[in-house]
Amino acid sequence: MPKITYIEHSGTEHVIEVPVGSTVMEGATKHRVPGIDADCGGACACATCHVYVDEAWLAKTGTPGSMEESMLDFAEGVEPNSRLSCQIQITAELDGLVVRLPSSQH
Amino acid sequence: MAGVVIVGAGQAGVQAAESLRRGGYAGAVTLIGEEPVAPYQRPPLSKAYLAGTMDLDRVILKPEATLAEDAIAFVPATRITAIDRAARTVTAEDGRSWAYEHLILATGSRVRRLPVEGAQLAGVHYLRTTTDVDGLRAELVAGARLAVIGGGYIGLEVAAVARKAGLAVTVIEAAERVLARVTTPEISAFYQDLHRAEGVTILTGTGVTALEAGADPARVGAVRLADGSTVPADLVLVGIGIIPNAELAAQAGLATTNGIDTDTNACTSDPAIFAIGDCASRPLAHYGDRRGRLESVHNALEQAKLAAAAILGTPPPPLEAPWFWSDQYDVKLQIAGLSTGAARTVLRGDPATRRFAAFHLAPGNRLLAVDAVNSAPEFIVGRQLIARQQVVAPEKLADMSISMKAIAADPA
Ligand SMILES: Cc1cc2nc3c(=O)[nH]c(=O)nc-3n(C[C@H](O)[C@H](O)[C@H](O)COP(=O)(O)OP(=O)(O)OC[C@H]3O[C@@H](n4cnc5c(N)ncnc54)[C@H](O)[C@@H]3O)c2cc1C
Ligand code: FES
(Lines give C-alpha, C1' and ligand atoms only; values in the text may rest on other atoms or scores of the structure.)
(Ligands and ions follow the chains in the order given, each with its own letter.)
Protein backbone atom coordinates (compact mmCIF):
# COMPACT_ATOMS: atom_id res chain seq x y z
CA MET A 1 0.00 0.00 0.00
CA PRO A 2 1.29 3.50 -0.80
CA LYS A 3 2.68 5.34 2.24
CA ILE A 4 1.61 8.94 2.67
CA THR A 5 3.32 11.36 5.06
CA TYR A 6 1.06 13.94 6.71
CA ILE A 7 2.82 16.80 8.51
CA GLU A 8 0.63 18.67 10.99
CA HIS A 9 0.93 22.44 11.29
CA SER A 10 2.83 21.83 14.56
CA GLY A 11 5.38 19.71 12.69
CA THR A 12 4.19 16.30 13.96
CA GLU A 13 4.53 13.69 11.22
CA HIS A 14 2.23 10.74 10.54
CA VAL A 15 3.16 8.07 8.00
CA ILE A 16 0.04 6.19 6.96
CA GLU A 17 -0.54 3.34 4.51
CA VAL A 18 -3.49 4.32 2.35
CA PRO A 19 -5.15 1.91 -0.07
CA VAL A 20 -5.10 2.59 -3.81
CA GLY A 21 -8.49 3.95 -4.91
CA SER A 22 -9.17 5.86 -1.71
CA THR A 23 -8.03 9.47 -1.20
CA VAL A 24 -5.41 11.45 0.72
CA MET A 25 -8.28 12.81 2.86
CA GLU A 26 -9.52 9.34 3.84
CA GLY A 27 -6.02 8.24 4.88
CA ALA A 28 -6.02 11.04 7.46
CA THR A 29 -9.58 10.91 8.79
CA LYS A 30 -9.57 7.13 9.18
CA HIS A 31 -6.25 7.08 11.04
CA ARG A 32 -6.58 9.83 13.62
CA VAL A 33 -4.45 12.40 11.81
CA PRO A 34 -5.81 15.63 13.27
CA GLY A 35 -6.13 18.72 11.09
CA ILE A 36 -8.30 17.44 8.23
CA ASP A 37 -11.98 17.85 9.08
CA ALA A 38 -13.54 16.67 5.79
CA ASP A 39 -17.05 17.70 6.83
CA CYS A 40 -18.64 16.60 3.54
CA GLY A 41 -16.86 13.25 3.49
CA GLY A 42 -15.17 13.85 0.15
CA ALA A 43 -17.96 15.38 -1.93
CA CYS A 44 -15.88 18.46 -2.86
CA ALA A 45 -18.52 20.54 -1.10
CA CYS A 46 -16.95 21.83 2.13
CA ALA A 47 -13.27 22.78 1.61
CA THR A 48 -12.34 21.51 5.09
CA CYS A 49 -9.77 19.02 3.76
CA HIS A 50 -7.23 21.58 2.54
CA VAL A 51 -3.56 20.44 2.33
CA TYR A 52 -0.31 21.73 0.86
CA VAL A 53 1.29 19.21 -1.49
CA ASP A 54 5.08 18.95 -1.20
CA GLU A 55 6.55 20.72 -4.27
CA ALA A 56 8.34 17.58 -5.39
CA TRP A 57 5.02 15.78 -5.80
CA LEU A 58 2.99 18.38 -7.65
CA ALA A 59 3.46 16.77 -11.06
CA LYS A 60 2.16 13.42 -9.78
CA THR A 61 -0.84 14.75 -7.88
CA GLY A 62 -2.05 16.60 -11.01
CA THR A 63 -4.16 19.75 -11.12
CA PRO A 64 -7.45 20.57 -9.38
CA GLY A 65 -10.73 20.33 -11.26
CA SER A 66 -12.82 23.47 -11.75
CA MET A 67 -15.13 22.92 -8.75
CA GLU A 68 -12.13 22.20 -6.50
CA GLU A 69 -10.32 25.24 -7.82
CA SER A 70 -13.17 27.61 -7.07
CA MET A 71 -13.68 26.11 -3.57
CA LEU A 72 -9.94 26.46 -2.88
CA ASP A 73 -9.93 30.05 -4.06
CA PHE A 74 -11.80 30.94 -0.86
CA ALA A 75 -9.85 28.75 1.59
CA GLU A 76 -7.80 30.36 4.35
CA GLY A 77 -4.06 30.62 3.54
CA VAL A 78 -4.30 29.19 0.03
CA GLU A 79 -0.99 28.71 -1.82
CA PRO A 80 -0.11 27.56 -5.35
CA ASN A 81 0.42 24.02 -3.96
CA SER A 82 -2.95 23.95 -2.12
CA ARG A 83 -5.31 21.06 -2.85
CA LEU A 84 -8.49 19.60 -1.41
CA SER A 85 -7.17 16.27 -0.21
CA CYS A 86 -10.44 14.43 -0.95
CA GLN A 87 -9.81 15.12 -4.63
CA ILE A 88 -6.38 13.42 -4.68
CA GLN A 89 -6.98 9.75 -5.44
CA ILE A 90 -4.33 7.37 -4.21
CA THR A 91 -2.40 5.54 -6.94
CA ALA A 92 0.71 3.33 -6.69
CA GLU A 93 2.64 6.32 -8.11
CA LEU A 94 1.87 8.38 -5.00
CA ASP A 95 3.83 6.05 -2.68
CA GLY A 96 5.95 8.45 -0.60
CA LEU A 97 3.74 11.53 -1.09
CA VAL A 98 4.21 14.27 1.49
CA VAL A 99 1.44 16.74 2.38
CA ARG A 100 1.39 19.52 4.99
CA LEU A 101 -1.71 20.60 6.88
CA PRO A 102 -2.86 24.18 7.45
CA SER A 103 -3.33 25.61 10.96
CA SER A 104 -7.13 25.38 10.69
CA GLN A 105 -9.84 24.24 8.29
CA HIS A 106 -12.68 26.55 9.37
CA MET B 1 -15.73 4.79 35.17
CA ALA B 2 -19.26 5.82 34.09
CA GLY B 3 -18.09 8.43 31.56
CA VAL B 4 -20.03 9.26 28.40
CA VAL B 5 -22.42 6.84 26.74
CA ILE B 6 -23.48 7.67 23.19
CA VAL B 7 -26.59 5.97 21.80
CA GLY B 8 -26.50 5.82 18.00
CA ALA B 9 -23.26 5.29 16.07
CA GLY B 10 -23.97 7.38 12.96
CA GLN B 11 -22.58 10.66 11.72
CA ALA B 12 -23.40 12.58 14.91
CA GLY B 13 -22.52 9.88 17.43
CA VAL B 14 -19.08 9.13 16.05
CA GLN B 15 -18.25 12.85 15.79
CA ALA B 16 -19.19 13.36 19.44
CA ALA B 17 -16.91 10.50 20.48
CA GLU B 18 -14.06 11.85 18.42
CA SER B 19 -14.53 15.45 19.59
CA LEU B 20 -14.46 14.26 23.22
CA ARG B 21 -11.15 12.49 22.63
CA ARG B 22 -9.59 15.34 20.59
CA GLY B 23 -10.64 17.67 23.42
CA GLY B 24 -8.77 15.51 25.94
CA TYR B 25 -11.69 13.77 27.62
CA ALA B 26 -10.12 11.16 29.91
CA GLY B 27 -13.17 9.17 31.01
CA ALA B 28 -14.77 6.17 29.31
CA VAL B 29 -16.51 6.76 25.97
CA THR B 30 -18.96 4.07 24.87
CA LEU B 31 -20.55 4.25 21.41
CA ILE B 32 -23.56 1.97 21.08
CA GLY B 33 -25.23 1.44 17.69
CA GLU B 34 -28.04 -0.71 16.39
CA GLU B 35 -26.44 -1.37 13.01
CA PRO B 36 -23.94 -4.23 12.63
CA VAL B 37 -21.27 -2.20 10.77
CA ALA B 38 -18.74 0.44 11.80
CA PRO B 39 -20.04 4.04 11.76
CA TYR B 40 -20.62 5.25 8.20
CA GLN B 41 -21.77 8.32 6.29
CA ARG B 42 -25.11 8.32 4.51
CA PRO B 43 -24.71 10.89 1.70
CA PRO B 44 -22.96 8.43 -0.68
CA LEU B 45 -25.81 5.93 -0.22
CA SER B 46 -27.93 7.74 -2.80
CA LYS B 47 -24.92 8.78 -4.90
CA ALA B 48 -21.58 7.00 -5.49
CA TYR B 49 -22.26 3.97 -3.27
CA LEU B 50 -25.55 3.29 -5.03
CA ALA B 51 -23.86 3.78 -8.41
CA GLY B 52 -21.26 1.21 -7.37
CA THR B 53 -18.31 3.59 -7.82
CA MET B 54 -17.52 3.77 -4.08
CA ASP B 55 -17.20 0.65 -1.93
CA LEU B 56 -18.25 0.07 1.70
CA ASP B 57 -14.71 0.61 3.05
CA ARG B 58 -14.82 4.15 1.75
CA VAL B 59 -18.29 4.87 3.11
CA ILE B 60 -17.17 3.87 6.63
CA LEU B 61 -16.26 6.96 8.67
CA LYS B 62 -14.10 5.25 11.30
CA PRO B 63 -12.97 1.62 11.13
CA GLU B 64 -13.34 -0.31 14.40
CA ALA B 65 -9.55 -0.44 14.87
CA THR B 66 -9.34 3.36 14.76
CA LEU B 67 -12.12 3.70 17.33
CA ALA B 68 -10.23 1.26 19.57
CA GLU B 69 -7.01 3.28 19.22
CA ASP B 70 -8.98 6.28 20.45
CA ALA B 71 -10.25 4.23 23.42
CA ILE B 72 -13.80 4.51 22.13
CA ALA B 73 -15.64 1.33 23.16
CA PHE B 74 -17.76 0.53 20.10
CA VAL B 75 -20.76 -1.74 20.71
CA PRO B 76 -22.41 -2.63 17.37
CA ALA B 77 -25.68 -4.45 16.68
CA THR B 78 -27.14 -3.30 19.98
CA ARG B 79 -30.44 -1.49 20.36
CA ILE B 80 -30.97 0.59 23.49
CA THR B 81 -34.57 0.31 24.67
CA ALA B 82 -34.66 2.21 27.98
CA ILE B 83 -33.03 5.05 29.86
CA ASP B 84 -33.19 5.12 33.67
CA ARG B 85 -32.51 8.76 34.45
CA ALA B 86 -32.50 8.33 38.22
CA ALA B 87 -29.96 5.49 38.13
CA ARG B 88 -28.18 7.01 35.09
CA THR B 89 -28.13 3.82 33.08
CA VAL B 90 -29.23 2.71 29.62
CA THR B 91 -30.43 -0.81 28.88
CA ALA B 92 -30.34 -2.76 25.64
CA GLU B 93 -32.95 -5.07 24.18
CA ASP B 94 -30.85 -8.07 25.28
CA GLY B 95 -30.71 -6.84 28.89
CA ARG B 96 -27.13 -5.51 28.98
CA SER B 97 -26.82 -2.11 30.61
CA TRP B 98 -24.32 0.73 30.84
CA ALA B 99 -23.93 3.45 33.46
CA TYR B 100 -23.31 7.03 32.37
CA GLU B 101 -22.30 10.32 33.81
CA HIS B 102 -23.33 12.05 30.56
CA LEU B 103 -25.58 10.51 27.94
CA ILE B 104 -25.67 11.62 24.30
CA LEU B 105 -28.65 10.57 22.21
CA ALA B 106 -27.67 10.41 18.53
CA THR B 107 -30.41 8.08 17.35
CA GLY B 108 -31.01 9.75 13.97
CA SER B 109 -34.23 9.15 12.11
CA ARG B 110 -36.06 6.44 10.22
CA VAL B 111 -37.88 6.50 6.90
CA ARG B 112 -41.56 7.31 6.71
CA ARG B 113 -43.35 4.26 5.29
CA LEU B 114 -45.76 4.60 2.39
CA PRO B 115 -49.22 4.22 3.97
CA VAL B 116 -50.98 2.54 1.04
CA GLU B 117 -52.11 -0.93 0.09
CA GLY B 118 -49.41 -3.01 -1.59
CA ALA B 119 -46.52 -1.21 0.10
CA GLN B 120 -45.26 -4.54 1.48
CA LEU B 121 -44.75 -6.07 -2.01
CA ALA B 122 -41.27 -7.23 -3.07
CA GLY B 123 -39.49 -4.67 -5.23
CA VAL B 124 -40.53 -1.74 -2.99
CA HIS B 125 -37.43 -0.05 -1.56
CA TYR B 126 -36.52 2.62 0.97
CA LEU B 127 -33.12 4.25 1.41
CA ARG B 128 -31.53 4.86 4.80
CA THR B 129 -28.92 2.15 5.45
CA THR B 130 -26.22 0.27 3.54
CA THR B 131 -28.46 -2.82 3.67
CA ASP B 132 -31.21 -0.83 1.92
CA VAL B 133 -28.75 0.14 -0.84
CA ASP B 134 -27.53 -3.41 -1.33
CA GLY B 135 -31.11 -4.53 -1.97
CA LEU B 136 -31.89 -1.64 -4.31
CA ARG B 137 -28.66 -1.80 -6.30
CA ALA B 138 -29.20 -5.46 -7.12
CA GLU B 139 -32.38 -4.44 -8.96
CA LEU B 140 -30.95 -1.42 -10.80
CA VAL B 141 -30.61 -3.19 -14.16
CA ALA B 142 -30.65 -1.41 -17.52
CA GLY B 143 -34.06 -1.42 -19.13
CA ALA B 144 -36.01 -1.92 -15.89
CA ARG B 145 -38.75 0.60 -15.04
CA LEU B 146 -38.23 2.45 -11.75
CA ALA B 147 -40.96 4.51 -10.11
CA VAL B 148 -39.67 6.96 -7.51
CA ILE B 149 -42.36 8.03 -5.07
CA GLY B 150 -41.42 11.40 -3.56
CA GLY B 151 -39.43 14.10 -5.35
CA GLY B 152 -37.13 15.05 -2.47
CA TYR B 153 -33.34 14.98 -2.57
CA ILE B 154 -33.04 11.26 -2.03
CA GLY B 155 -35.65 10.40 -4.68
CA LEU B 156 -34.05 12.72 -7.23
CA GLU B 157 -30.53 11.47 -6.50
CA VAL B 158 -31.68 7.89 -6.99
CA ALA B 159 -33.45 8.92 -10.21
CA ALA B 160 -30.15 10.37 -11.51
CA VAL B 161 -28.15 7.23 -10.63
CA ALA B 162 -30.83 4.99 -12.17
CA ARG B 163 -30.95 7.01 -15.41
CA LYS B 164 -27.19 6.69 -15.74
CA ALA B 165 -27.59 2.94 -15.22
CA GLY B 166 -30.05 2.84 -18.11
CA LEU B 167 -33.37 2.44 -16.30
CA ALA B 168 -36.60 4.13 -17.37
CA VAL B 169 -37.50 6.44 -14.47
CA THR B 170 -40.73 8.12 -13.40
CA VAL B 171 -40.76 10.44 -10.37
CA ILE B 172 -44.18 10.85 -8.71
CA GLU B 173 -44.55 13.85 -6.41
CA ALA B 174 -47.68 14.77 -4.45
CA ALA B 175 -46.85 18.49 -4.14
CA GLU B 176 -47.03 20.91 -7.06
CA ARG B 177 -43.26 20.83 -7.53
CA VAL B 178 -40.29 18.61 -6.62
CA LEU B 179 -38.21 19.62 -3.55
CA ALA B 180 -41.21 21.68 -2.41
CA ARG B 181 -40.51 21.16 1.29
CA VAL B 182 -36.83 22.06 1.14
CA THR B 183 -36.32 24.69 -1.50
CA THR B 184 -37.74 27.53 -3.56
CA PRO B 185 -39.72 27.45 -6.85
CA GLU B 186 -36.69 28.57 -8.91
CA ILE B 187 -34.62 25.60 -7.80
CA SER B 188 -37.54 23.17 -8.13
CA ALA B 189 -38.08 24.34 -11.72
CA PHE B 190 -34.39 23.93 -12.49
CA TYR B 191 -34.36 20.33 -11.20
CA GLN B 192 -37.54 19.41 -13.01
CA ASP B 193 -36.01 20.69 -16.27
CA LEU B 194 -32.71 18.95 -15.56
CA HIS B 195 -34.32 15.56 -14.93
CA ARG B 196 -36.65 15.87 -17.91
CA ALA B 197 -33.67 16.72 -20.13
CA GLU B 198 -32.03 13.54 -18.84
CA GLY B 199 -35.08 11.53 -19.84
CA VAL B 200 -36.90 11.23 -16.50
CA THR B 201 -40.70 11.52 -16.46
CA ILE B 202 -41.82 13.81 -13.63
CA LEU B 203 -45.41 13.83 -12.40
CA THR B 204 -46.19 16.58 -9.88
CA GLY B 205 -49.40 17.19 -7.98
CA THR B 206 -49.90 13.45 -8.22
CA GLY B 207 -50.92 11.30 -5.28
CA VAL B 208 -50.35 7.54 -5.00
CA THR B 209 -53.28 5.42 -3.82
CA ALA B 210 -51.87 1.87 -4.06
CA LEU B 211 -49.06 -0.34 -5.24
CA GLU B 212 -50.23 -3.25 -7.36
CA ALA B 213 -48.66 -6.62 -8.02
CA GLY B 214 -47.61 -7.60 -11.54
CA ALA B 215 -47.39 -11.07 -13.11
CA ASP B 216 -45.75 -12.27 -9.87
CA PRO B 217 -48.43 -11.73 -7.17
CA ALA B 218 -45.73 -11.13 -4.52
CA ARG B 219 -43.94 -8.42 -6.49
CA VAL B 220 -44.80 -4.86 -7.43
CA GLY B 221 -45.85 -4.27 -11.04
CA ALA B 222 -47.47 -0.85 -11.06
CA VAL B 223 -48.20 2.30 -9.06
CA ARG B 224 -51.86 3.32 -8.92
CA LEU B 225 -52.33 7.12 -9.01
CA ALA B 226 -55.07 9.26 -7.47
CA ASP B 227 -56.71 9.87 -10.87
CA GLY B 228 -57.10 6.10 -11.31
CA SER B 229 -54.35 5.64 -13.90
CA THR B 230 -51.29 3.45 -13.33
CA VAL B 231 -47.55 3.79 -13.88
CA PRO B 232 -46.00 0.38 -14.69
CA ALA B 233 -42.97 -0.32 -12.50
CA ASP B 234 -40.53 -3.21 -12.06
CA LEU B 235 -39.29 -1.59 -8.86
CA VAL B 236 -40.27 1.31 -6.62
CA LEU B 237 -38.17 3.62 -4.44
CA VAL B 238 -40.08 5.45 -1.72
CA GLY B 239 -38.52 8.68 -0.44
CA ILE B 240 -41.24 10.58 1.41
CA GLY B 241 -39.35 11.87 4.39
CA ILE B 242 -38.12 10.76 7.78
CA ILE B 243 -39.34 10.53 11.36
CA PRO B 244 -36.96 11.45 14.20
CA ASN B 245 -36.08 8.60 16.56
CA ALA B 246 -37.27 10.44 19.68
CA GLU B 247 -39.34 7.70 21.36
CA LEU B 248 -36.52 6.51 23.64
CA ALA B 249 -36.17 10.05 24.98
CA ALA B 250 -39.92 10.59 25.27
CA GLN B 251 -40.34 7.35 27.23
CA ALA B 252 -37.71 8.60 29.68
CA GLY B 253 -39.73 11.79 30.18
CA LEU B 254 -37.47 14.15 28.23
CA ALA B 255 -39.22 17.04 26.47
CA THR B 256 -39.88 16.29 22.81
CA THR B 257 -41.89 18.20 20.22
CA ASN B 258 -40.71 17.56 16.67
CA GLY B 259 -37.68 15.56 17.84
CA ILE B 260 -35.90 15.81 21.18
CA ASP B 261 -35.89 19.40 22.46
CA THR B 262 -32.41 20.82 23.01
CA ASP B 263 -30.87 24.15 23.98
CA THR B 264 -27.95 26.03 22.38
CA ASN B 265 -25.52 23.50 23.92
CA ALA B 266 -27.45 20.51 22.51
CA CYS B 267 -28.56 19.75 26.06
CA THR B 268 -32.02 18.23 26.66
CA SER B 269 -34.40 18.98 29.54
CA ASP B 270 -32.13 16.71 31.68
CA PRO B 271 -28.73 18.42 32.22
CA ALA B 272 -26.92 15.05 32.03
CA ILE B 273 -28.43 14.17 28.64
CA PHE B 274 -27.65 15.67 25.21
CA ALA B 275 -29.37 15.06 21.89
CA ILE B 276 -27.67 15.66 18.54
CA GLY B 277 -28.25 15.19 14.82
CA ASP B 278 -31.46 14.22 13.02
CA CYS B 279 -33.25 13.27 16.26
CA ALA B 280 -32.85 16.70 17.89
CA SER B 281 -34.85 19.91 17.66
CA ARG B 282 -32.61 22.91 18.24
CA PRO B 283 -32.62 26.69 18.39
CA LEU B 284 -31.80 27.96 14.88
CA ALA B 285 -29.03 30.48 15.47
CA HIS B 286 -29.08 33.29 12.86
CA TYR B 287 -32.90 33.00 12.65
CA GLY B 288 -34.21 34.82 15.72
CA ASP B 289 -36.14 32.61 18.12
CA ARG B 290 -36.98 29.91 15.56
CA ARG B 291 -36.40 26.26 16.48
CA GLY B 292 -36.39 23.21 14.32
CA ARG B 293 -34.85 19.96 13.25
CA LEU B 294 -32.20 19.96 10.52
CA GLU B 295 -31.48 16.83 8.51
CA SER B 296 -27.92 17.30 7.38
CA VAL B 297 -24.35 16.23 7.97
CA HIS B 298 -23.34 19.75 8.98
CA ASN B 299 -26.03 19.83 11.67
CA ALA B 300 -24.95 16.42 12.99
CA LEU B 301 -21.30 17.53 13.20
CA GLU B 302 -22.06 20.92 14.71
CA GLN B 303 -24.32 19.57 17.45
CA ALA B 304 -21.84 16.80 18.21
CA LYS B 305 -19.16 19.42 18.77
CA LEU B 306 -21.53 21.50 20.94
CA ALA B 307 -22.33 18.53 23.18
CA ALA B 308 -18.67 17.54 23.46
CA ALA B 309 -17.67 21.11 24.37
CA ALA B 310 -20.38 21.28 27.04
CA ILE B 311 -19.18 17.99 28.57
CA LEU B 312 -15.52 19.06 28.39
CA GLY B 313 -16.36 22.49 29.82
CA THR B 314 -14.63 24.21 26.89
CA PRO B 315 -16.04 27.13 24.85
CA PRO B 316 -18.57 26.04 22.21
CA PRO B 317 -17.43 26.19 18.56
CA PRO B 318 -18.72 29.21 16.62
CA LEU B 319 -22.10 28.45 15.02
CA GLU B 320 -22.01 28.34 11.23
CA ALA B 321 -24.92 28.82 8.85
CA PRO B 322 -26.62 25.46 8.29
CA TRP B 323 -25.70 23.91 4.94
CA PHE B 324 -26.37 20.93 2.73
CA TRP B 325 -25.39 19.62 -0.68
CA SER B 326 -26.84 17.34 -3.34
CA ASP B 327 -25.19 15.75 -6.39
CA GLN B 328 -27.33 14.85 -9.38
CA TYR B 329 -25.80 14.06 -12.80
CA ASP B 330 -22.97 16.59 -13.21
CA VAL B 331 -24.75 19.20 -11.12
CA LYS B 332 -23.65 20.08 -7.61
CA LEU B 333 -26.13 21.96 -5.46
CA GLN B 334 -24.86 23.61 -2.28
CA ILE B 335 -27.43 25.25 -0.03
CA ALA B 336 -26.60 27.52 2.89
CA GLY B 337 -29.10 28.95 5.34
CA LEU B 338 -32.88 28.59 5.57
CA SER B 339 -35.05 30.39 3.02
CA THR B 340 -38.35 30.29 4.96
CA GLY B 341 -39.69 33.80 5.44
CA ALA B 342 -37.81 35.26 2.48
CA ALA B 343 -39.39 38.39 0.98
CA ARG B 344 -37.54 38.19 -2.32
CA THR B 345 -35.23 36.01 -4.36
CA VAL B 346 -32.36 37.38 -6.44
CA LEU B 347 -30.98 35.25 -9.28
CA ARG B 348 -27.31 35.45 -10.17
CA GLY B 349 -26.46 33.83 -13.49
CA ASP B 350 -28.63 31.94 -15.95
CA PRO B 351 -30.18 28.58 -14.95
CA ALA B 352 -29.91 27.45 -18.59
CA THR B 353 -26.10 27.39 -18.20
CA ARG B 354 -26.40 24.97 -15.25
CA ARG B 355 -24.34 27.44 -13.23
CA PHE B 356 -26.31 29.97 -11.20
CA ALA B 357 -27.35 30.90 -7.67
CA ALA B 358 -30.56 32.05 -5.99
CA PHE B 359 -30.16 34.36 -3.00
CA HIS B 360 -33.09 34.62 -0.60
CA LEU B 361 -33.48 37.89 1.31
CA ALA B 362 -35.58 38.84 4.34
CA PRO B 363 -37.55 42.08 4.38
CA GLY B 364 -34.83 44.74 4.68
CA ASN B 365 -32.46 42.63 2.53
CA ARG B 366 -30.77 40.57 5.22
CA LEU B 367 -29.44 37.43 3.52
CA LEU B 368 -31.30 34.32 4.72
CA ALA B 369 -30.17 31.60 2.31
CA VAL B 370 -28.44 30.81 -0.94
CA ASP B 371 -28.98 27.91 -3.34
CA ALA B 372 -25.84 27.59 -5.45
CA VAL B 373 -25.83 25.37 -8.52
CA ASN B 374 -22.26 24.56 -9.65
CA SER B 375 -21.34 27.90 -8.02
CA ALA B 376 -18.83 27.49 -5.18
CA PRO B 377 -18.01 31.21 -4.74
CA GLU B 378 -21.68 32.10 -4.30
CA PHE B 379 -22.05 29.29 -1.76
CA ILE B 380 -18.96 30.10 0.27
CA VAL B 381 -19.47 33.85 0.42
CA GLY B 382 -23.22 33.41 0.94
CA ARG B 383 -22.58 31.14 3.90
CA GLN B 384 -20.30 33.70 5.55
CA LEU B 385 -22.76 36.54 4.97
CA ILE B 386 -25.64 34.49 6.41
CA ALA B 387 -23.66 33.68 9.55
CA ARG B 388 -23.00 37.43 9.97
CA GLN B 389 -26.71 38.16 9.38
CA GLN B 390 -25.50 40.62 6.78
CA VAL B 391 -27.72 43.05 4.86
CA VAL B 392 -26.84 42.81 1.16
CA ALA B 393 -27.47 44.92 -1.96
CA PRO B 394 -29.71 42.88 -4.29
CA GLU B 395 -28.43 44.69 -7.40
CA LYS B 396 -24.85 43.69 -6.58
CA LEU B 397 -25.79 40.04 -6.16
CA ALA B 398 -27.56 40.07 -9.51
CA ASP B 399 -24.58 41.61 -11.29
CA MET B 400 -22.21 38.92 -12.56
CA SER B 401 -19.58 41.56 -13.37
CA ILE B 402 -19.09 42.09 -9.61
CA SER B 403 -17.12 39.14 -8.24
CA MET B 404 -18.19 37.33 -5.07
CA LYS B 405 -14.89 38.39 -3.51
CA ALA B 406 -15.82 42.02 -4.13
CA ILE B 407 -19.28 41.38 -2.68
CA ALA B 408 -17.77 39.72 0.39
CA ALA B 409 -15.66 42.81 0.98
CA ASP B 410 -18.54 45.26 0.45
CA PRO B 411 -21.91 43.51 0.49
CA ALA B 412 -24.36 46.32 1.21
C1 LIG C 1 -29.56 8.46 1.37
C2 LIG C 1 -29.20 9.70 2.15
C3 LIG C 1 -28.49 10.73 1.53
C4 LIG C 1 -28.15 11.87 2.24
N5 LIG C 1 -27.42 12.86 1.61
C6 LIG C 1 -27.03 13.95 2.31
C7 LIG C 1 -26.20 14.95 1.71
O8 LIG C 1 -25.86 14.88 0.53
N9 LIG C 1 -25.78 15.99 2.48
C10 LIG C 1 -26.14 16.12 3.79
O11 LIG C 1 -25.73 17.07 4.46
N12 LIG C 1 -26.93 15.19 4.39
C13 LIG C 1 -27.38 14.11 3.68
N14 LIG C 1 -28.16 13.16 4.28
C15 LIG C 1 -28.59 13.37 5.69
C16 LIG C 1 -27.51 12.94 6.67
O17 LIG C 1 -26.95 11.72 6.28
C18 LIG C 1 -28.14 12.83 8.07
O19 LIG C 1 -28.63 14.09 8.42
C20 LIG C 1 -27.11 12.34 9.09
O21 LIG C 1 -26.73 11.02 8.81
C22 LIG C 1 -27.66 12.45 10.50
O23 LIG C 1 -26.76 11.88 11.39
P24 LIG C 1 -27.27 11.21 12.75
O25 LIG C 1 -26.05 10.69 13.42
O26 LIG C 1 -28.17 12.13 13.43
O27 LIG C 1 -28.17 9.99 12.27
P28 LIG C 1 -27.73 8.64 11.58
O29 LIG C 1 -26.55 8.84 10.71
O30 LIG C 1 -28.96 8.08 10.99
O31 LIG C 1 -27.30 7.71 12.80
C32 LIG C 1 -28.17 7.28 13.80
C33 LIG C 1 -27.80 5.88 14.22
O34 LIG C 1 -28.42 5.58 15.45
C35 LIG C 1 -28.85 4.24 15.44
N36 LIG C 1 -29.90 4.07 16.45
C37 LIG C 1 -31.16 4.59 16.42
N38 LIG C 1 -31.85 4.23 17.55
C39 LIG C 1 -31.01 3.48 18.30
C40 LIG C 1 -31.14 2.81 19.55
N41 LIG C 1 -32.27 2.89 20.26
N42 LIG C 1 -30.07 2.12 20.02
C43 LIG C 1 -28.91 2.06 19.31
N44 LIG C 1 -28.74 2.68 18.10
C45 LIG C 1 -29.77 3.38 17.61
C46 LIG C 1 -29.30 4.03 14.02
O47 LIG C 1 -29.32 2.67 13.69
C48 LIG C 1 -28.25 4.82 13.23
O49 LIG C 1 -27.16 4.01 12.87
C50 LIG C 1 -28.54 12.00 3.60
C51 LIG C 1 -29.25 10.97 4.22
C52 LIG C 1 -29.59 9.83 3.51
C53 LIG C 1 -30.36 8.74 4.19
S1 FES D 1 -13.94 16.59 2.28
FE2 FES D 1 -15.30 18.19 1.78
S3 FES D 1 -14.27 19.15 0.14
FE4 FES D 1 -12.91 17.56 0.66
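Reader: Leaving aside neighbours within four places in sequence, which residues is B:H125 in contact with?
Author: Keeping in mind that this is a predicted model, B:H125 is in contact with B:G135, B:L136 and B:E139, and also with B:L235, B:V236, B:L237 and B:V238, once its neighbours within four places in sequence are left aside.

Reader: What does the side chain of B:H125 make a polar contact with?
Author: The partner is the side chain of B:E139, at 2.8 Å.

Reader: And where is the place of B:H125, and is B:H125 buried or exposed?
Author: B:H125 sits in strand β9 of chain B, which covers residues 124-125, and B:H125 counts as buried because its relative accessibility is 10%, under the 20% cut-off.

Reader: Moving on to B:T264, where is that found?
Author: B:T264 lies in the loop of chain B that runs between β19 (259-261) and β20 (273-275). With a relative accessibility of 52%, B:T264 counts as exposed, and apart from its neighbours within four places in sequence B:T264 is in contact with B:P283 and B:L306.

Reader: How many Å apart in space are B:T264 and B:T130?
Author: They are 32 Å apart, C-alpha to C-alpha, with a separation of 134 residues in sequence.

Reader: Which phi does B:A266 have?
Author: B:A266 has a positive phi of about 70°, although it is not a glycine. B:A266 is also in the loop between β19 and β20 of chain B, and with a relative accessible area of 0% B:A266 is buried.

Reader: What about the phi of B:Y329?
Author: B:Y329, likewise not a glycine, has a positive phi of about 50°. The loop that holds B:Y329 is the one between β23 and β24 of chain B, and B:Y329 is buried, with a relative accessible area of 12%.

Reader: Now the interface: how many residues does the contact take from chain B and from chain A?
Author: Chain B contributes 27 residues to the contact and chain A contributes 23 residues. Between them the two chains bury about 2,100 Å², of which 55% is on carbon and sulfur atoms. On the side of chain B, the residues that lose the most area to chain A are B:R58, B:I380 and B:K405, which together account for 24% of what that side buries.

Reader: How many salt bridges does the rule find across the interface of chain B and chain A?
Author: The rule finds four salt bridges there. One of them joins B:K405 and A:D73, whose closest N and O atoms are 3.1 Å apart.

Reader: Which element gives the most to the side of chain B that touches chain A?
Author: That is α10(B), with five residues. The residues of that side of chain B divide into 13 nonpolar, 11 charged and three polar.

Notes
Residues are numbered from 1 along each chain as its sequence is written. Chains are lettered from A and ligands numbered from 1 in the order in which they are written. This is a predicted model: local features need pLDDT of at least 70, side-chain atom pairs count only at pLDDT 80 or more; totals for chains, interfaces and linings use all residues. Side-chain values use heavy atoms; hydrogens and water are left out. Contact means heavy atoms within 4.5 Å. Buried area is the accessible area (1.4 Å probe) that two parts lose on being put together, summed over both. A salt bridge is a side-chain nitrogen of Lys or Arg within 4 Å of a carboxyl oxygen of Asp or Glu. Helices (H or I, at least four residues) and strands (E, at least two) are DSSP runs, numbered from the N terminus. Ala, Val, Leu, Ile, Met, Phe, Trp, Tyr, Cys and Pro count as nonpolar, Asp, Glu, Lys and Arg as charged, and the others, Gly among them, as polar. Buried means under 20% relative accessible area, exposed over 50%, partly exposed in between (1.4 Å probe, protein chains only). A polar contact is a pair of N or O atoms within 3.5 Å; within protein, one must be able to donate a hydrogen and the other to accept it, and residues adjacent in sequence count only if both atoms are side-chain atoms.
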